[in-house]
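Subject: Structure handover

Hello,

Here is the structure I promised to pass on. My notes follow below it.

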Amino acid sequence: MPHITVNPFDTESIKKIKYGEDRSTEVLFKANDIFSKDELIGIKRENESFLLHLKKSPDTWLLKYDKVTRPLKVNLLKQAIADVSSEIEVEVLQSNIAIHPTKAPLASEYEKNIEDFVDIEFPFESVAIEVGFGSGKHLLYQAQKNPDRLFIGIEIHTPSAAQVLKQIQLLGLVNVWVVNYDARLLLEMIPSNLCHQIFVHFPVPWDKKPHRRVISPSFLEESMRVLEVNGRLELRTDSHKYFWYSMETFLGESVAKTAVEIRKNEALEITSKYEARWLRQEKDIYDVYVTSTEESEARVLDFDFSFKDIIYKKEILDKISYKPELFEGFFVHFERLFKIDDDAILIKLAFGSFDRPEHKYIYLDKSKTYYFNSNPVKTLTNYKTHLKIMEYLNV
Ligand SMILES: C[S@@+](CC[C@H](N)C(=O)[O-])C[C@H]1O[C@@H](n2cnc3c(N)ncnc32)[C@H](O)[C@@H]1O
């Protein structure tokens with residue numbers, strides 16, 4: 001990921017102005033971490049807002065991307081780092097932000113953001129989802145084979161998402177959307193009874209951190225809601241442990257009615273990169289198909305994530321605690337506080353459901369408060385958490 005190493009400099013030189021030869025990188029604010037010497041720089045470029053992180057070691061500083069607000073287009077980040085660093089005339093010791101003029105930043109109509117799903121149309125006969133498509137081999141194969149079906153690929157790893165967007169362009173496919181997001185959250189944005197299939201092929205087993213697994217009781221519940229009657233959730237795994245864990249989930253106490261089918265070592269028409277590796281090692285491969293048997297209720301998505309008339313007041317600083325606070329079904333953890341000036345702050349927090357936490361920043365000044373750079377996913381749990389966050393900020 002793009003970054004530069006620089007000699008320490010006076011950060012007051014980073015002003016709220018437009019930077020770069022074409023003046024298209026705008027600095028919105030600069031914020032100082034109150035727990036460390038690190039700083040954040042709020043950037044706007046090509047209608048996208050994001051943060052740059054200035055990480056300060058005693059001798060050298062690192063100017064890099066911020067994980068929570070990172071845009072998909074890497075060139076946006078590179079350009080912003082290049083513009084800011086050249087304008088403030090800082091001494092660059094090391095850099096990996098060379099921008100290749102021949103490689104235009106990827107802007108694809110097939111890349112969708114989570115916010116798009118609030119009112120998106122699905123202009124195809126049927127819809128399938130692939131969770132964690134990796135290299136995209138299976139996703140692209142399915143899309144080529146079923147031109148009347150829309151394939152929504154959800155992948156948390158940004159370089160894989162960018163790579164598959166390129167492939168879509170090269171292959172001239174029009175029935176694939178790529179969403180660079182956590183599939184466990186995105187699924188909640190999908191209308192009920194829409195999908196024919198949900199593929200989860202070779203999910204990361206997360207043996208030591210089971211809360212990070214894709215398959216969970218709530219993922220199963222959401223999958224069954226999203227699938228049409230007789231639609232299937234298709235898990236394929238080489239992990240014996242994950243297979244048994246999934247069986248427990250699919251047949252668990254909370255599941256009233258279900259139809260589960262198991263296959264062992266079944267050959268599919270297409271072999272993914274991971275699968276090829278396991279096949280070479282002669283590992284067993286398990287398929288578990290869970291079929292949706294009932295029509296589900298429609299999904300309501302009109303949660304309001306605005307902060308109403310909450311504005312920045314000094315008293316907020318005394319009210320928030322930096323320990324995780326647990327509530328019925330959700331948590332709030334104010335992680336870090338960044339001071340912009342006497343009248344504005346940025347708060348970094350994690351919150352929401354325990355197995356699918358959100359990570360966000362909240363911007364507050366004397367006239368407005370909002371999530372920087374996008375609202376949380378519109379789930380009921382996030383909405384309940386948002387109301388709790390408002391209680392903390394309402395002083
Ligand atoms: C072991 S790889 C398998 C890739 C591909 N399905 C295959 O068979 O080659 C697992 C993939 O799932 C992605 N992933 C893990 N957790 C995810 C999540 N919560 N949402 C979306 N993608 C996820 C990872 O980034 C990775 O690309």
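The largest nonpolar core has 49 residues, and Val131, Ile152, Leu186, Cys195 and Ile198 touch the most other members. A nonpolar core here is a set of buried Ala, Val, Leu, Ile, Met, Phe, Trp, Tyr and Cys residues joined through C-beta atoms within 7 Å. A residue is buried if 20 or more other C-beta atoms lie within 10 Å of its own, exposed if 12 or fewer, and partly exposed in between, with C-beta atoms placed from the backbone. A second, separate core of 40 residues includes Tyr19, Leu40, Ala82 and Phe330. In soluble globular proteins, nonpolar side chains tend to be buried together.

Before you go further: this is a predicted model, where local features need pLDDT of at least 70, side-chain atom pairs count only at pLDDT 80 or more, and totals for chains, interfaces and linings use all residues. Residues are numbered from 1 along each chain as its sequence is written.

Overall, the protein has nine helices and 19 strands. These are DSSP runs numbered from the N terminus: helices are H or I with at least four residues, strands E with at least two. Of the 395 residues, 37% count as buried.

Next, the ligand. Its shell holds 22 residues, of which Gly132, Gly134, His157, Ala183 and Ser272 come nearest. To be near, a residue needs its C-beta atom, placed from the backbone, within 6 Å. Helix 4 and helix 7 (273–280) are the elements that give two or more residues to this shell. Helix 7 has the largest share, three residues.

Helix 5 has these buried residues: Phe219, Glu222, Ser223, Met224, Arg225 and Val226. Their cover includes helix 4 (183–186), strand 11 and strand 12.

Last, the annotation. The UniProt "binding site" in an unreviewed entry covers Lys208 and Asp238. UniProt positions follow the numbering used here, feature names are shortened, and annotations may be inferred rather than shown by experiment. Lys208 sits in the loop between strand 11 (195–201) and helix 5 (217–226). Lys208 counts as exposed because it has 6 C-beta neighbours inside 10 Å. Asp238 is in the loop between strand 12 (227–237) and helix 6 (240–250). With 18 other C-beta atoms within 10 Å, Asp238 is partly exposed. Neighbours within four places in sequence aside, Asp238 is in contact with Phe202, Trp278, Lys283 and Ile285. Contact means C-beta atoms, placed from the backbone, within 7 Å.

Best wishes

Terms used:
Two residues are in contact if their C-beta atoms, placed from the backbone, lie within 7 Å.
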